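Colleague: I would like to learn how to read a model of this kind. Please take the features one at a time.

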Amino acid sequence: MPTGESPLVARRRVRQAVREARERLGHTQGDVAEAMEWSLSKVIRIENGDVSISPNDLRPLLAYLGVDDRAVVDDLVRATRTARERRAPWWHEPEFRGITPSMGKLIEAENAAQVSWAFNPTMVPGRLQVLDYAQAVLANYSEELTPDEIHARQEARIRRRDAFLKSTARMNVLIDESVLYRTIGSPPDVLRGQLDEIVRLIERRRVRARVIPLNFDGPLVTFGMFELFYLAGDDDPAHAVLYSEDWTMDQVVEDPVRIARHRAKLDQLWDMALSDEDSLELIRTRSKELATTSSARPRQR
């Protein structure tokens, strides 16, 4: 097992090995369920990564699938023990379990990724949101969410941001210029504080950011915001996870073909956006404009 392997990476290795062995034999998931006397849903959940298989279940399963190399078996057993770490992460706490079905997988991917790419045409990506900005964004969902649900999402964003700041991971962010003007119904100070934080992260080389200008004359993306998390390097879709979100749903996808398609579109937009330097200058300029707007507002009496 690789040193320091995360539970997500360990679980991926195990289920990929199981699926590949099954497919080599030409067996279906139903065949495996019948042979192992398991439910079909259990097999599906194991191969989808929704649950981790126990070492006691893994050994006979590998034997059935013809995986009998002792070193390979021992490595996969160690990996499944890592995947089933006893200490539950914070996003498994009751407060956060009901956010969305995909949120736990998103946070796990964020924590395991060495490099990530985020595209958001409407707002600053969630993992970079400061508290005031996150509160302003979530206030728009007061009709759809209860106060407790809003609080859980707000707390999750702050914890995600803290985890990123404590890590050594690199994050690349692509946003539309309209994000620099969208105050999300809050005072200009809130957006200014968020933009200043992005500038700080860029200057510390924790984040690379590019802005798609309002006069952009290129292919527009119509499939909403998405993020790509690379668990081993920055180019291999076989070791990447895609998170996508629109108005009706969010999902975590590990299909290399779909991941490669999203990365190709992101690369195209990245190359057509403002340069790193021009984007940084635009964000700084917009922050200064917001400062002027704030100072010009009449004081409350």
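Colleague: In which helix is the place of V9?

Modeller: Helices (H or I, at least four residues) and strands (E, at least two) are DSSP runs, numbered from the N terminus. V9 sits in helix α1, residues 7-25. This is a predicted model, in which local features need pLDDT of at least 70, side-chain atom pairs count only at pLDDT 80 or more, and totals for chains, interfaces and linings use all residues. Residues are numbered from 1 along each chain as its sequence is written, and side-chain values use heavy atoms, with hydrogens and water left out.

Colleague: Which residues does V9 touch, not counting those up to four places away in sequence?

Modeller: A contact means heavy atoms within 4.5 Å. On that basis V9 touches A112 and L231. V9 and L231 are 222 residues apart in sequence, yet their C-alpha atoms are 7.4 Å apart in space.

Colleague: What percentage of contacts in the chain between residues at least 6 apart in sequence join residues at least 24 apart?

Modeller: The figure is 73%.

Colleague: What percentage of the residues is buried?

Modeller: Buried means under 20% relative accessible area, with a 1.4 Å probe and protein chains only. Of the 301 residues in the chain, 48% are buried.

Notes:
Buried < 20%, exposed > 50% of the residue type's maximum accessible area, 1.4 Å probe, protein only.
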